[in-house]
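The following exercises concern one protein chain and are worked through step by step. Please examine the structure before reading the solutions.

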Amino acid sequence: MLDFLDRARGAVSERAELPGMSLLEHLEELRRRIVHSVIYLVVGFFVAYGFHEKIYGFMERPIKYALTKHHQPALLNYHNPIDGFNMYLKISFMAGCIIAAPFVLYQVWLFISPGLYKQEKRFVTPFMVATVSLFLAGAYFGYRWVFPGSLDFLFTFNKDFNPLIEINEYTDLFLTVILGLGVTFELPILVMFLALFGIVNARFLWRNLRYAILIIFIIAAIITPTPDVLTMCVFATPMLVLYLISIGVAFMVHPSRRRKKKDEAAA
């Protein structure tokens, strides 16, 4: 841990010596990027709201399939007349965030790019493509396999009871699983930045593999919708694979590797 903190302090000190903007200029740049991001989110919300019934149909499909399979009425319920309206607003906002994500991520990149060296700025395109692709891969993994499998398990386990599923509770469960896995799949991106700044390297990640496995299973236990070990392993397995991929990413982008290649080219 002390080694990790020393690396973080060293990375911050090294970046502080880069010629760039003053503190006030950084704050002004941050304000500008936040304003642009909010505008993109608002536009994304209204675009998504135009398709809110189709989005709900897409979100409703796993529960309808599970209810039909277990011979239950394939209809969700509400307790308050405003529940349906609130649900449409919620899913439109989340879908709007996904639509605006590439543009918001680009604003993030524009904000941090002054703290990067010239050779590091060439990672902008891989950063954008990898971030969006990994999030969509995680969300699809959850929608296609994890969420339907969890619903099937729960309905089988609760076969002695009559389900009364409320639309807002179902929406919260759906978003927790799908967005949780989408965000979890961004692990290689986080590691890429930490390695890019020299805070972690492949050896550090490999040496702490057993702690990483423990943390991954704790995260899987938190976000999994069912308490069984099988579902937790289904969540944890892709995260372990992503962690191993992250070790390769850290090896590729770490500054020591770039310095070594530069020295070899100069020799």
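At 74% relative accessibility, His71 counts as exposed, where exposed means over 50% relative accessible area, buried under 20%, and partly exposed in between (1.4 Å probe, protein chains only). The model is predicted: local features need pLDDT of at least 70, side-chain atom pairs count only at pLDDT 80 or more, and totals for chains, interfaces and linings use all residues. Residues are numbered from 1 along each chain as its sequence is written, and side-chain values use heavy atoms, leaving out hydrogens and water.

**Exercise 1.** Determine where His71 is found and what its phi is.

Solution. Next, consider the backbone: the phi of His71 is positive, about 60°, although His71 is not a glycine. Most residues other than glycine have a negative phi.

**Exercise 2.** Identify the salt-bridge partner of Asp152 and state which helices the pair links.

Solution. A salt bridge requires a side-chain nitrogen of Lys or Arg within 4 Å of a carboxyl oxygen of Asp or Glu. Asp152 forms one with Lys69, with the closest N and O atoms 3.3 Å apart. This pair links distant parts of the chain, Asp152 lying in helix 5 and Lys69 in helix 3, 83 residues apart.

Conventions
Helices (H or I, at least four residues) and strands (E, at least two) are DSSP runs, numbered from the N terminus.
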